[in-house]
Each structure stands twice: as structure tokens, then as C-alpha cells.
Amino acid sequence: LGLADTYKGQVNVTGEDYNVEAGDDGPRPFRAYLDVGLTRTTTGNRVFAAMKGVVDGGIEVPHGVQRFVGYDKEKEELDAKKLRSALFGSHIAGYMRHLSEEDEDRYKLQFATYIKAGITADKLEALLKSVHKKIRENPAFKKKTPKDRGDLKQKRWNASKLSLQQRKDRVRQKKESFLKQQQQEGDN
């Protein structure tokens, strides 16, 4: 359709509200509707951050700003700086700093993957900016190749289906067991 070239979206993430505008010539922008399912629609929920990413990416999603992080009910306005900082993980970085100072063991447990990758609280925003940049460069989905699991046997949660002969043997065994039990009760 070539809509990605026509509707670039918001290239710089500022936290400001952005709506995709239809151009005068050419096709209209792709429109999608947010279906939250059973997710609670509380202010600041991550489903709205995902929707913000979709809108910033150039897809038209009818929405309001009332559920974004940084929306003030009393003033009825959106604090764009607060939303931007949440989109770039400042709350995660703050929690990382808090845990590293307060409880080192818990920090190592909670952020083990981050530590293994060499991600610190100070590097988190730069990492997320680079992720945004890479998505902008090539937004095509790449399917990952499954890891070789070797000789691992897949676990079954239900019993495997029995063959006809196995079912007949099972019935025969149950009959024999029942008759044996009846005979023992009769002897007593």
C-alpha cells in the first residue's frame, strides 16, 4: 500500500498528543481501533503506551489523552514531559537506582537480565532511544528461528490416546480385577 512512506508519524518522541492527519492526495492513513479486552483501563496502563507507539508510528487510532501517563484530571491537561519520561523508562531507572541502594540482593534478582546485558539505570533511556531508531529504520517483523532444543521431549499434559487393542486389554483387566474382588468377598 505504501502508507509507511506517506504517513511517517511522529519521528521525535516528545510526549505531545499526536493524531495522524489524512493527506489531500493519495490514500487515507491506516485506521485501527484499540481493543483492550479484559485489561483494566486505568490511567497509565501500558496498553495506552502501546497505543501511543502505534499512533506515533503513523497509524490512525481514535483516542483521547485522558488515560496517558501524566494526564491531570483536575487541570484536564496532559503533561508531555511526564509521558515522554515514562515512555523512555525513567520510572524503571528510578526503581533500579532505589533497589541498588536499598537492597542489593533484590536488585540482582529483579534485574538479572539487565545486569547480564550490561544495562544500568543511566543507560536505559539511551537504549530505548536506539530501539526506537532501529524500529524506524526497519519496521518489518522478523520471525525468530526456534532454538535447537536437542533431545528434549515435549511434555504432555493429557494422556496419550490408547489404541483399540490397549483399550480392550484395559477393559479385560478391569473385569478380571472386579471378578477377583467379588470372589474374595464371597469367600469371606
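Is Tyr114 buried, partly exposed or exposed? Select Tyr114 to begin: with a relative accessible area of 26%, this residue is partly exposed. Keep in mind throughout that the model on screen is predicted.

**The aromatic residues**

Now look at how the two side chains meet. Three aromatic pairs are counted in the model. In the pair of Phe111 and Tyr114, the ring centres are 5.5 Å apart and the planes stand at 80 degrees, so the arrangement is edge-to-face; planes over 60 degrees apart are classed that way.

**Helix α3**

Move to residues 80-87, which make up helix α3. Colour Ala80, Leu83 and Ala86, the buried residues of this helix. Around the axis they cover an arc of only 130 degrees, which means that they lie on the same side of α3.

What do the buried residues of α3 pack against? Show α2 (46-56), β2 (77-78) and α4 (90-102): these are the elements that the buried residues of α3 pack against.

**Just past the helix**

Select Gly89, which comes just after α3 and has a positive phi of about 75 degrees.

For the last stop, pick Phe88 and Lys129. Lys129 sits over the face of the Phe88 ring, 5.9 Å from the ring centre.

Terms used:
Residues are numbered from 1 along each chain as its sequence is written. This is a predicted model: local features need pLDDT of at least 70, side-chain atom pairs count only at pLDDT 80 or more; totals for chains, interfaces and linings use all residues. Side-chain values use heavy atoms; hydrogens and water are left out. Rings of Phe, Tyr and Trp (its six-membered ring) pair if their centres lie within 6.5 Å; planes under 30 degrees apart count as stacked, over 60 as edge-to-face and the rest as tilted. Buried means under 20% relative accessible area, exposed over 50%, partly exposed in between (1.4 Å probe, protein chains only). A charge sits over a ring if NZ of Lys or CZ of Arg is within 6 Å of the ring centre and within 35 degrees of the ring normal. Helices (H or I, at least four residues) and strands (E, at least two) are DSSP runs, numbered from the N terminus. The arc is that of the directions from the helix axis to the C-beta atoms. Contact means heavy atoms within 4.5 Å.
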